[in-house]
Amino acid sequence: KNYRGGVDYPVSLFWKELMELYPDAKVLLSVRDPVKWYESVKSSIMRLTDDTKRWPVTWFLQLTGKKQVFDNIFLLADVPPKHSKNRLGMFEAIREGQQTAVQFFNDHTDEVKSCVPADRLLVWEAKDGWEPLCKFLNLPVPDQPFPRVNDTAEINERRKGIIKISWFLVVILPLLISTGAWYLALDNPVHFIVLAVVYFGFIKLTSFMLQQIIKAKKKTD
């Protein structure tokens, strides 16, 4: 309700059902060279997925209340599409290697093309820019360059940032606090309670600041 469109997971898993629910809706099939797609996913979001399953990132996500969110996102990515000939999810297909991944990509592309009526479908590449996309959606062409975001380099920068923050909050900061408590010879339980409150408060503040940075970047993009 109140949404005009949807992209990526989980929407792309239910495109057929959404077509039936919204018979006037248009379908955008974003394509690219399958081998480049395989290399991109393998080098970016799959690496991010793997890192979120490793310590200390797992503890960082747990402490910030984001672990379940990430688990759900990546669990969806491994749901095998009904049309997948090898019955593999996206990441499973990527792990099997280039040939299997390309087959997975082509299976999806062929299925969409064969099921969506031509007047409701736009097969589009990002390099095509605004014009075909805006024409298809009956929207004016923006007076600004077509954006290039979420590429491999940008995703890997975020991934490295998450790892650094995780090590700092889960390992380095507790060690600093423990060392400070030992150096000051703190032995009153109240002191440790205060330190714990400060530690978890700092984690919550960090989580909030990261959310604000992400929101601000999305607005800029």
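Visitor: Where does Pro-56 lie?
Guide: This is a predicted model: local features need pLDDT of at least 70, side-chain atom pairs count only at pLDDT 80 or more, and totals for chains, interfaces and linings use all residues. Residues are numbered from 1 along each chain as its sequence is written, and side-chain values use heavy atoms, with hydrogens and water left out. Helices (H or I, at least four residues) and strands (E, at least two) are DSSP runs, numbered from the N terminus. Pro-56 sits in the loop between helix H3 (45-51) and helix H4 (57-63).

Visitor: Is the peptide bond from Trp-55 to Pro-56 cis or trans?
Guide: Most peptide bonds are trans. The bond from Trp-55 to Pro-56 has an omega near 10°. That bond is cis.

Visitor: How many helices and strands does the chain have?
Guide: From the N terminus on, the elements run α-β-α-α-α-α-α-α-β-α-α-α. The count for the chain is ten helices and two strands.

Visitor: Which share of the 221 residues counts as buried?
Guide: Buried means under 20% relative accessible area, exposed over 50%, and partly exposed in between (1.4 Å probe, protein chains only). Among the 221 residues, the buried share is 31%.

Visitor: Which buried residues does helix H2 have, and which helices do they pack against?
Guide: The buried residues of H2 (residues 34-43) are Pro-34, Trp-37, Tyr-38, Ser-40 and Val-41. Down the helix axis they fall within an arc of 165° (from the directions from the axis to the C-beta atoms), so they line one face of the helix. They pack (heavy atoms within 4.5 Å) against H3, helix H6 (90-96), helix H7 (98-115) and H9.

Visitor: Is Arg-159 buried or exposed, and which residues does Arg-159 touch?
Guide: Arg-159 has its place in helix H9. Arg-159 counts as buried, because its relative accessibility is 7%. Residues up to four places away in sequence are not counted; beyond them, Arg-159 touches Arg-47, Leu-48 and Asp-51.

Visitor: Which residues is Phe-70 in contact with, leaving aside its neighbours within four places in sequence?
Guide: Phe-70 belongs to helix H5 (residues 67-76). Thr-52 is 18 residues apart from Phe-70 in sequence, and 7.7 Å apart in space, C-alpha to C-alpha. The contacts of Phe-70 are Thr-52 and Leu-61.

Visitor: What is the phi of Asn-150?
Guide: Most residues other than glycine have a negative phi. Asn-150 lies in the loop between helix H8 (130-137) and helix H9 (152-183). Asn-150 is partly exposed, because its relative accessibility is 43%. Although Asn-150 is not a glycine, its phi is positive, at about 60°.

Visitor: What is the phi of Ala-185?
Guide: Ala-185 is found in the loop between H9 and helix H10 (189-220). Its relative accessible area is 57%, so Ala-185 is exposed. Ala-185 is not a glycine either, yet it has a positive phi of about 55°.
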